[in-house]
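Welcome! Please take a moment to look over the sequence and the model, and then read on for a short tour.

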Amino acid sequence: MPVPPSRAPLRLPHVVCSLLLLVLLAGCGAGGLAGTDLGGTDPSGTSLSGTDSGGATTERAPVNGVPGPPGAAASAAGAPSGEVPVPPSVPEPSPLPTEIPGLGPKTRAAIPATARQAFVVTGEGPDSNRSTAALYTLDGPAGPGWRPALGPWPAHNALNGWTGEHWEGDLRSPVGVFTLTAAGGRLDPPDTALLPYDLSPDFAVTGEGFHGEPLEGSFDYVIAIDYNRVPGASPLDHTRPLGEERGGGIWVHVDHGGPTQGCVSVTEDRMKELLGTLDPAMEPVIVMGDAESLGR
């Protein structure tokens with residue numbers, strides 16, 4: 001008769017059991033590594049363990065403090081880790097020296113290279129006796145080039161305007177660039193005046209101007225313009241190196257309310273300002289003429 005099945009528990013050999021156990025453990029471990037980030041993530045989604053789903057360790061390079069995408073390089077172009085490379089700064093070009101407005105290349109070239117003060121008198125037209133005056137200084141605190149220092153002020157010039165070739169009695173002011181090396185007057189100079197100053201009663205003047213205005217006080221303060229004269233001599237010196245026929249005695253003086261015979265005039269308070277500012281160490285010049293001539 002058939003033998004009834006045994007009720008004893010099935011006992012597998014020890015070797016077989018061990019193999020089954022290893023297979024189970026290997027399967028669990030692989031499953032856990034494939035889908036589990038053991039370290040978790042922070043609120044931004046960044047892995048805290050540094051391990052991706054493939055088991056390879058990667059770094060998330062921060063950009064401006066924000067974690068970068070997985071696999072981002074920690075540094076670029078030689079920048080330290082965690083920093084964004086900054087392109088090298090390009091130095092700003094030096095500012096170009098500023099020029100005196102209204103002066104053309106020919107006039108600018110006539111200004112001596114050593115001059116650092118320029119009193120610019122610009123006539124309204126070649127036949128006009130009205131002009132504008134302003135003082136400029138070179139290389140001021142605002143940067144390289146010419147900078148305004150005084151003015152602009154209204155001024156008068158000769159009755160008939162301007163000329164590039166002045167002659168005695170033509171009633172025109174000479175166009176050009178001339179040095180300013182001496183001053184004088186009937187009144188004491190301002191305390192800050194530095195130009196050589198000839199204080200003399202011989203600067204007194206009487207009579208009337210072209211419009212009937214009184215001339216008295218016009219020479220209380222004068223600055224000699226070095227046209228056809230000896231530079232540095234008193235404005236009263238009558239030496240005329242170019243000859244008497246070429247005129248002379250061209251000054252900057254106190255305005256009497258009308259045109260001059262050849263000089264430039266500004267009001268008394270502005271004459272005092274000018275005398276108190278001109279410095280022989282800066283080798284001042286006057287640049288004078290109608291706007292068209294100075295623009296050449």
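Which residues does I225 touch, not counting residues up to four places away in sequence? With contact meaning heavy atoms within 4.5 Å, I225 touches F178, T179, L180, I250, W251, V252, I286 and M288.

This is a predicted model, in which local features need pLDDT of at least 70 and side-chain atom pairs count only at pLDDT 80 or more, while totals for chains, interfaces and linings use all residues. Residues are numbered from 1 along each chain as its sequence is written, and side-chain values use heavy atoms, with hydrogens and water left out.

I225 also belongs to the largest nonpolar core, which has 27 residues; F119, I223, I225 and I286 touch the most other members. Such a core is a set of buried Ala, Val, Leu, Ile, Met, Phe, Trp, Tyr and Cys residues joined through side-chain atoms within 4.5 Å, where buried means under 20% relative accessible area with a 1.4 Å probe, protein chains only. Among the elements giving two or more residues to this core are β3 (117–123), α3 (268–277) and β14 (285–290). Helices (H or I, at least four residues) and strands (E, at least two) are DSSP runs, numbered from the N terminus. A second, separate core of 13 residues includes A115, A118, W146 and V285.

Now for the backbone. Most residues other than glycine have a negative phi, and most peptide bonds are trans. Here are some exceptions:

| Site | Feature | Angle |
|---|---|---|
| G151 and P152 | cis peptide bond | omega about 10 degrees |
| L171 | positive phi | about 55 degrees |
| N228 | positive phi | near 50 degrees |

P152 lies in strand β5. L171 sits in the loop between β6 (162–163) and β7 (173–174), whereas N228 is in the loop between β11 (222–224) and β12. N228 counts as buried because its relative accessibility is 5%.

Conventions
Buried means under 20% relative accessible area, exposed over 50%, partly exposed in between (1.4 Å probe, protein chains only).
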